[in-house]
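The following note sets out points for a colleague who has the sequence and the coordinates at hand. Please read the points beside the structure.

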Amino acid sequence: MTSTFPDISISTERLVLRALEDEDVSALAEMMNDEMVAAWTAVPQPFSEDGARSWIRDYAPAERTAGRGLDLAVTEFLTQRLVGIIQLAKTNWHVRSTELSYIIAPWARGEGYASEASLATAQWLFRDQKFERIELRTAADNTASQQVAQKIGCISEGVLRGACIARTRTEDGGWTDVRTDYIVWSLLPEDIDGVGDQFADSGFTSFSDWN
């Protein structure tokens with residue numbers, strides 16, 4: 001049985017999810033320097049183009065080939081512009097489970113891209129990779145991320161108290177760590193039944209095909 005993710009692309013009506021490429025360096029670095037990304041992720045700040053290049057050339061390929069996870073660039077189908085990242089991590093091939101997270105560029109927020117990309121990834125995992133569980137963890141105060149989890153059908157399983165380190169701005173303009181809770185969400189194959197129809201009702205299809 002396979003224990004690594006394939007090198008794939010996933011297509012929806014509006015998006016293409018694919019492997020990160022060198023051409024994504026500038027856009028990736030710009031996205032990772034956003035205030036909300038800095039607040040809710042562990043991405044180093046400031047995030048340089050060298051850091052983006054290392055992520056694309058070294059970190060992402062190593063995670064995939066080792067079977068730990070998968071990093072996908074989320075791009076607009078029409079413009080091919082990078083709008084975000086989908087990450088799979090902490091993959092357990094025996095249990096057939098993985099942890100999913102998402103980052104969307106500030107200019108692309110409010111368009112439903114995080115939900116569309118996450119649902120397409122979940123459908124691919126369940127249908128093609130035969131996964132049985134996807135887990136998401138959202139910081140207690142990150143309501144935008146929680147709305148994405150709810151929209152794609154995730155079920156809240158509880159709170160991990162004090163398990164998340166977020167960041168907040170200091171008076172001198174720097175960043176300081178703050179401890180908060182994680183909300184744990186799960187998604188099983190049966191949870192996404194009918195979710196795609198809800199996306200279609202909102203004006204776009206969640207998932208068309210993959211290759």
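Over the ring of which residue does the charged end of R81 sit?

1. Charge and ring. The ring in question belongs to W107, and the charged end of R81 sits 3.6 Å from its centre. The model discussed here and in every point below is a predicted one.

2. The largest pocket. The space in this pocket comes to about 1200 Å³. Its lining is made up of 39 residues, and W40, T41, S101, Y102 and I103 are those that lie nearest the centre.

3. Elements around the largest pocket. At least two lining residues come from each of the helices α2 (35-40), α3 (49-65), α4 (113-127) and α5 (143-151). The strands β4 (82-92), β5 (97-104), β6 (133-139) and β7 (155-169) likewise each supply at least two. Strand β5 gives the most, namely six residues.

4. The second largest pocket. About 160 Å³ of space lies here. The residues lining this pocket are D7, I8, A19, L20, I56, A60, P61, R64, L70, D71 and L72.

5. Aromatic pairs. A pair of aromatic rings is described by how far apart the centres are and by the angle of the planes. The count for this model is five aromatic pairs. In one of them, the ring centres of F5 and W124 are 6.1 Å apart; the planes stand at 40 degrees, so this pair is tilted. The pair links distant parts of the chain, since F5 belongs to the segment before β1 (10-11) and W124 to helix α4, 119 residues apart. F5 has a relative accessibility of 1% and therefore counts as buried, the limit being under 20%. W124 is also buried, at 1% relative accessibility.

6. F47 and W55 form an edge-to-face pair, with 6.2 Å from centre to centre and 80 degrees between the planes. F47 is buried, at a relative accessible area of 10%, and W55 is buried with a value of 10%. One aromatic cluster is formed by F5, W93, W124 and F131.

7. In soluble globular proteins, nonpolar side chains tend to be buried together. The largest nonpolar core in this model has 37 residues, and the residues with the most contacts inside it are F5, L17, Y102, W124, I134, L136 and L187. Two or more core residues come from each of β2 (15-19), β3, β4, β5, α4, β6, α5 and β8 (175-187). Helix α4 provides the largest share, nine residues. Two of the residues with the most contacts in the core, F5 and W124, are also members of the aromatic cluster. Y102 is named both among these core residues and among the residues nearest the centre of the largest pocket.

8. L17. This residue lies in strand β2. L17 is buried, with a relative accessible area of 0%. Between L17 and V195 there are 178 residues of separation in sequence and 19 Å in space, taken from C-alpha to C-alpha.

9. A cis peptide bond. Which peptide bond is cis, with omega near -10 degrees? The bond is the one from Q45 to P46. P46 is found in the loop between α2 and α3.

10. Positive phi values. R96, a residue other than glycine, has a positive phi, near 60 degrees. R96 is found in the loop between β4 and β5. K130 is likewise not glycine and has phi near 60 degrees; its place is in the loop between α4 and β6.

11. Exposure of these two residues. Is R96 buried or exposed? R96 counts as buried because its relative accessibility is 10%, and the limit for buried is under 20%. K130, by contrast, counts as exposed because its relative accessibility is 53%, and exposed means over 50%.

Note on methods. Residues are numbered from 1 along each chain as its sequence is written. This is a predicted model: local features need pLDDT of at least 70, side-chain atom pairs count only at pLDDT 80 or more; totals for chains, interfaces and linings use all residues. Side-chain values use heavy atoms; hydrogens and water are left out. On a 1 Å grid over the protein atoms alone, a cavity is a set of points where a 1.4 Å probe fits but cannot get out, and a pocket is an open set with protein on both sides within 12 Å along at least five of seven lines; lining residues have an atom within 4 Å of a point. Grid points are joined across faces, edges and corners, and a volume is the space filled by probe spheres set on the points. Helices (H or I, at least four residues) and strands (E, at least two) are DSSP runs, numbered from the N terminus. Rings of Phe, Tyr and Trp (its six-membered ring) pair if their centres lie within 6.5 Å; planes under 30 degrees apart count as stacked, over 60 as edge-to-face and the rest as tilted. Buried means under 20% relative accessible area, exposed over 50%, partly exposed in between (1.4 Å probe, protein chains only). A charge sits over a ring if NZ of Lys or CZ of Arg is within 6 Å of the ring centre and within 35 degrees of the ring normal. A nonpolar core is a set of buried Ala, Val, Leu, Ile, Met, Phe, Trp, Tyr and Cys residues joined through side-chain atoms within 4.5 Å.
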